[in-house]
Amino acid sequence: MAENIKVAVRVRPFDDREMSHNSKMVIQMKGNQTTITSTSGKKNSFAFDYSYWSHDGYRVTPDGYYEPESPVYADQKRVFEDLGRGMLNNAWKGFNCSLFAYGQTGSGKSYSIIGYGANKGIVPITCEQLFAGIEDKRAGAAKDDEWQVSVSMIEIYNEKVRDLLVTTKTRNRESLKIRQHQTKGFYVEGLSSSPVSSYAQIEAKIAEGSRNRSVAATNMNATSSRAHTIVAINFVQKNSNESGQKMTKSSLMNLVDLAGSERVGLTGAEGERMKEGAAINLSLSTLGNCISALADQAAGNTRVKVPFRDSVLTKLLQNALGGNSKTVMIAALSPADINYEETLSTLRFADRAKSIKTKAVVNESPTDKLIRELREENARLLKLLKSGGVPITGDDSNSESKEEKERELNELIKKNAEEMEAMERTWAERLAQAQADANKQIKDQEEQQERKKNVPHLWNLNADAALSGLIVHFCDPGSCTVGREGQVQLTGLSIQPRHAVLRNTKGKVTVTPVENAKVFINGKAVAMETELHHNDRVLFGNNHLYVFHHPVDYAKMVKSAGKGDNKNADKLSPPNFEDAQAELAANSGIMGLLGDSKGGGNEDLMKLKDDLVKLFPEVQEANAMAQEMQRPVKFELLLMSAQGRGLREGEGQTEVYIRLINSENNTEFLWPKDKFLDRKFLMRDVYNSFMDGEADWKPPEHEDPFLEPADTPVLIGTSLIYLESLAHLIEISQTFAVTNYKGDDQGKLEIEILPCDEEWNELTNSFAEPESLIANPLKFKIKVLTGKGLPKRFAALFCRYKYYLDDDYTTTEEVPGGSDPQFNFEKTYTVATVTQQFMNYLQNSYIIVELWGRQRDSGRTGGKIAQIAESPNDGAVKGGPSREGLDSTDGEGGSGGTRKLLAELDTVTKEKERAELKVSLLNEARKKGDEKIDVDALDSTLSATLNGGDQKKPPEEKAGAGSKAAAANAGGSSAVIQQKREDVMSKTVSKACVLQ
Ligand code: ADP
Ligand code: MG
């Protein structure tokens, strides 16, 4: 019988960062309703099967369990009782079950699925209960009744499948193939499956899998939030039915901790050439597409096709989503206002998912029949193999070689044989083999726990809390080397064969970096032997981050804290990843980008700070990779105001950008942080292929994540043109300063906005009251004429702007680069009837004209890049340790960024002031002026007033524009208007003079 996927939502407490930012709560829950409220008060409500309030109303027990203090709080037990218990019952009945956790990174997916410490998640409790149930049954069971549990654990990262329970060196990095079975669907070829006979064993297996993830993630510096982890538990029950027939009942439980859902929606947002986002989150975006398609189908649209085959994840979860499975989804929600958009999109995802139907059937057959089927299939496969025929199985089979197909057939035969054997042999035999290993593993893990209490050691810190503390290196008395070839083996970026030496002399532990090796202690680079203290943070190379634990020091601290010495109480709690990153960033001097405005409660500033801390190691890593692979590129962090990106006031905030400097062809590009992060994900892929010694590690130029094609247009700067004059039918004809994102002058653009009459004659001497234009037609032209003194390093230039309510840009033709290009662009605009809204636009708004250029390739300019780049300056980082990615922050010492922001703000204000002044002067003069004055003189006076004289235009320039305008206007306006207009102008001068 078809039934809907069950959907639960759960909201976690604020984390430390959200607390310190005084985040606001955006989620409310009432009954089965979950409501999310935007900062502007917009509400969206959704109904789900279960709504878990885990935000507040709890207290923490001495052993760390979060238990309800108020009945609204949903603890781990309650979540298990609702979701896990049902799943367990279904597994006993012989249904396949699936559990998904969806949500952005840090929202609580792993907390719900696996859990932390005393707060065990659904998976461990389910396993515990499963074995408890088996024990119960076993008591009164027949002799050959059997309950078999085996576990597999995989990770899907970048469309590659890794077996997390197989650790041999060769297999570790190898990715497994996805195959398709005629009747059973997709499966992972060669996936290991470990038989387990107790909860302790399954727990040890999952711990091992997590540890493997952590090691791999650190060595390859993979972002674990981009991986999907699937724990698959296969539960088989064998017993005889009433008529004495042997029956096999099986249930596959797929427990899926999905990759962080952030930014999936932003796929290809900026029209990216490589669609980085899409490729990176292919599995997750395909999951989204499948769910949407399934929801459409549920709504009656049976023609939609569900793209299961488009990604690894959706192939493997096809059953979970639309087939033979009872499925539960838990959507984890971040409560804070800064996550509003992501949380809303998670709720929408969950809302679509709840309409999906699956059809679970009981997987039960007479054992004989199952064996017979397997035997028959194998006979058929063998025949096929002998005749060299084409296999009927296999995904994308047409792209595979004959050998590959044969291999696949052999694998399948082997798999079937194993399955048959498993059915025929007693479980006890199979278990016996695995048992010894499993027990040793449990013993090892217990021993390690014991040793941790007595031996000084380093434990790892990972961005993902679930992967922290899983890697432990003991510092036994004596010394040991750390490195690619060390006794403590670390691999990956910036790790030398012999990297550092750890020495333990009578309990005093030191670390000594080998020459040139990067070692940082508490954020500071060290070059000499340095003693480690309890809770010190130690970074080897780029990504091997550890915390030092000293049992003796720790015991002392606990003791003194017990005596009421609060000084050490703080030091007792272990450091976290975020703080360790923040101190690295702080010591690098990168925070100087924020200027003097440190601290303070400003929300935007906090966000910038967080971004800098987060991006700093990423930039370092990109540079280290580029260096090791000898790529001619370098990356730097900088701050970019909204205006610098060509946005209007209120359209965006200052953001962290990354500058790409290509020293081979002398080009530079500014990347938004998301683009950089996506690119870096791909860079790692290239780097890992490089490290694996793959012959074709170097991608073709157009797919190279380190490069940007030289001719990709870059924004040189913007000009702001206030439109208020047009509201008075006064022409705008001026050269406008082009300002880059730093507020630096990049030259000028000659732009005209000319009101026209019916026949498109330009009115250059007209004047009107804004009110008189309303309800009448208006015609005007926008001209982008020439550039003046623009940077010369561009091969081609063009301008673009958005007019009024347009969504799309109006773009000039591309013209050859040079300092004074001729755009000769003209566009006519007809407003059928001027509305009040349009009038408001003219009176209060402006057009941003963006100047874009394509850079010359290969440094043909011969000179240094001067425009976007400015000369790199290390002012902001002097005194800090020398690490890549730093030596050219934004220059101008500590307050560079702030100053630039101010400069930009200043430019906006100036342009606005200019326009306002012009109009107010005109208005005033209209009433009583009597002196004649030239339009251009007015302009230059205004310029002089507002810019302290430095933007005064050369006289010939003005004369050109002015006389042309005057000529075009001849005979157009009546003498009265002429008089009025000139009157207006006159007053301007006297007032401007006064202002000066
Ligand atoms: P995800 O797996 O979605 O990235 P995690 O499960 O690792 O997120 O959660 C992030 C952090 O928030 C962890 O430190 C975790 O302990 C904490 N957390 C998540 N959910 C809860 C909850 N319901 N109660 C208390 N802490 C939680
Ligand atoms: Mg997680």
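A residue is called buried when its relative accessible area is under 20%, exposed when it is over 50%, and partly exposed in between, with a 1.4 Å probe and protein chains only. The model is predicted, so local features need pLDDT of at least 70 and side-chain atom pairs count only at pLDDT 80 or more, whereas totals for chains, interfaces and linings use all residues. Residues are numbered from 1 along each chain as its sequence is written, and side-chain values use heavy atoms, with hydrogens and water left out.

**Exercise 1.** Determine where Ser 107 lies, whether it is buried or exposed, and what it is in contact with.

*Solution.* Begin with the secondary structure, in which helices (H or I, at least four residues) and strands (E, at least two) are DSSP runs numbered from the N terminus. Ser 107 sits in the loop that runs between β9 (97–102) and α3 (109–113). Its relative accessible area is 1%, and Ser 107 is therefore buried. Next come the contacts, meaning heavy atoms within 4.5 Å: once neighbours within four places in sequence are set aside, Ser 107 meets Arg 12, Ala 332, Leu 333 and Ser 334. Finally, a polar atom of the Ser 107 side chain is 2.6 Å from the backbone oxygen of Gln 104. Both residues fall under the annotation "binding site" in an unreviewed UniProt entry, which covers Gly 103, Gln 104, Thr 105, Gly 106, Ser 107, Gly 108, Lys 109 and Ser 110; such annotations may be inferred rather than shown by experiment.

**Exercise 2.** Describe the setting of Ser 110 and that of Ser 494.

*Solution.* Ser 110 belongs to helix α3, and its relative accessibility of 15% makes it buried. Not counting residues up to four places away in sequence, Ser 110 touches Gly 115, Tyr 116, Asp 257 and Ala 466. Ser 494 is placed in the loop between β25 (488–489) and β26 (500–505), and is buried with a relative accessible area of 15%. Beyond its neighbours within four places, the contacts of Ser 494 include Arg 484, His 499 and Lys 518.

Key
Chains are lettered from A and ligands numbered from 1 in the order in which they are written. A polar contact is a pair of N or O atoms within 3.5 Å; within protein, one must be able to donate a hydrogen and the other to accept it, and residues adjacent in sequence count only if both atoms are side-chain atoms.
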